[in-house]
Amino acid sequence: MLILGKYRNALFLILAVLFWAGNYIAGKYVVTELTPLQLTFVRWFIAIFLLLPIAQWRERPDWKQVLIEWKKLLALAILGIIGYNFVLYEALRFTTPLNAALINSINPVTIFLFSSLLLHERISPINILGLLISLTGVLVVLTDGQLQQILRIDYNIGDLLMLIAILSWTFYTLIGRKMHGIPPISALTVSSLFGLILLFPFAMLSGFPPALTNGTWGGILYIALFPSVGSFLLWNMAVLKIQANQAGVYLNLLPVFTAMLSMLTGNTVTFVQIVGGFLVFAGVYLTTQKKANPAAACRDNPMEG
């Protein structure tokens with residue numbers, strides 16, 4: 001028990017990232033029977049029944065105070081709950097889970113870049129070098145290692161959609177940084193509820209609820225319980241105890257776990273994906289070299305989806 005206690009935070013972070021990686025694998029499977037819109041709706045419909053009592057139990061928020069920030073929470077719902085998740089699942093219809101995870105790994109770089117441009121945060125030469133290296137890694141993945149074909153017009157649409165998903169999450173994060181005094185689980189709960197309200201008429205028009213196999217329901221329940229609720233709780237419990245920069249290192253495990261799960265489900269990992277992933281990791285490390293802000297870590301949780 002003492003050993004488990006010593007490594008408790010590391011275990012929580014590893015499990016959180018593992019569950020997020022599973023979202024890519026399960027999402028790829030579920031979108032063969034559900035549309036991305038339907039999956040996004042049913043995922044958060046199930047999750048809200050867990051998030052609400054957990055928020056009340058752990059954070060005991062003043063809900064009136066939380067709702068004062070309704071405009072920002074509505075923006076978070078549109079960008080994060082709906083935008084990121086919908087585009088991610090749409091991308092998984094066309095690309096592999098590993099490619100999606102590798103491209104998603106550049107998210108810390110885009111957040112840093114737009115923070116510099118819009119919030120006037122300082123950027124150093126080493127940060128610029130990291131940005132260029134990360135972009136090179138993404139281009140390696142997008143072009144399948146054929147960088148000379150950078151101007152070709154037949155890119156995998158799923159890979160391009162992941163770039164849109166990244167931008168959606170980047171602005172979700174920038175808005176989240178402007179929120180102060182609202183507990184993270186409570187903010188997620190309210191933004192999820194707003195997202196469900198916005199999605200409801202479209203979900204009904206799409207023929208909801210559709211007839212699904214038991215395997216698909218299993219995938220939906222996994223996505224609703226583990227990435228949506230479990231990962232968020234584990235991540236936030238861990239970052240309360242350790243520094244933000246220490247927690248951020250664990251996010252590099254996302255493509256690793258996605259690759260492992262992909263191989264377990266019969267998919268292959270190519271040399272080009274390994275090279276592209278390495279370049280992205282190296283670039284992210286260099287780009288994000290700055291003094292950590294532990295308070296921002298909870299708000300900048302990049303894999304809520």
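This is a guided tour of a predicted model, stop by stop, with what to select and what is there.

**Before starting**

Residues are numbered from 1 along each chain as its sequence is written, and side-chain values use heavy atoms, with hydrogens and water left out. Because the model is predicted, local features need pLDDT of at least 70 and side-chain atom pairs count only at pLDDT 80 or more, while totals for chains, interfaces and linings use all residues.

**Whole chain**

Show the protein as a cartoon: it has 15 helices and zero strands. Helices (H or I, at least four residues) and strands (E, at least two) are DSSP runs, numbered from the N terminus. Of the 305 residues, 50% are buried. Buried means under 20% relative accessible area, exposed over 50%, and partly exposed in between (1.4 Å probe, protein chains only). Among contacts with a separation of 6 or more, 90% join residues 24 or more positions apart; contact means heavy atoms within 4.5 Å.

Two packed helices are described by the angle between their axes and the distance between the axes. Axes are lines fitted to C-alpha atoms, for helices over the stretch in contact, and angles run from 0 to 180 degrees between N-to-C directions.

Select α3 (36–58) and α10 (residues 184–205). Their axes come within 8 Å and cross at roughly 150°, and therefore the two helices are roughly antiparallel. The cut-offs are under 35 degrees for roughly parallel, over 145 for roughly antiparallel, 65 to 115 for roughly perpendicular, and oblique for the rest. The crossing of α3 and α10 is left-handed; this term applies if the near helix is turned anticlockwise from the far one by less than a right angle, and right-handed applies if clockwise.

Show side chains here. On the α3 side the contact includes Phe41, Trp44, Phe45 and Ile48, and on the α10 side it includes Leu193, Leu196, Leu199 and Phe200. The contact of α3 with α10 divides into 17 nonpolar, four polar and one charged residues. For these classes, Ala, Val, Leu, Ile, Met, Phe, Trp, Tyr, Cys and Pro count as nonpolar, Asp, Glu, Lys and Arg as charged, and the others, Gly among them, as polar.

**Serine 191**

Stay in α10 and pick serine 191. Is this serine buried or exposed? Serine 191 has 0% relative accessibility, so it counts as buried. Its side chain reaches the backbone oxygen of alanine 187 at 2.9 Å. This is a polar contact: a pair of N or O atoms within 3.5 Å where, within protein, one must be able to donate a hydrogen and the other to accept it, and residues adjacent in sequence count only if both atoms are side-chain atoms. Leaving out residues up to four places away in sequence, serine 191 touches Leu73, Leu76, Ala77 and Ile81. Glycine 80, 111 residues away in sequence, is 8.6 Å from serine 191, C-alpha to C-alpha.

**Helices α3 and α5**

The crossing is right-handed. Arg43 and Trp44 are among the α3 residues in this contact, and Asn85, Phe86 and Glu90 are among those of α5. By class, the contact of α3 with α5 has eight nonpolar, two polar and two charged residues.

**Arginine 60**

Move to the loop between α3 and α4 (63–67) and select arginine 60. Its phi is near 45°, a positive value in a residue other than glycine. Arginine 60 is exposed, at 61% relative accessibility.

**Helices α2 and α6**

Select α2 (residues 8–30) and α6 (residues 97–104), whose axes come within 9 Å and cross at roughly 135°. These helices are therefore oblique to each other, and the crossing is right-handed. Tyr24, Ile25 and Lys28 of α2 meet Pro97, Ala100, Ala101 and Asn104 of α6.

Which residues does serine 262 contact, aside from neighbours within four places in sequence? They are Ile25, Pro97, Leu98 and Asn267. Serine 262 lies in α13 (residues 253–264) and is buried, at 3% relative accessible area. Its side chain reaches the backbone oxygen of threonine 258 at 2.7 Å.

End at threonine 265, in the loop between α13 and α14 (271–287). Threonine 265 is partly exposed, at 48%. Its side chain reaches the backbone oxygen of serine 262 at 2.9 Å and that of leucine 261 at 3.0 Å.
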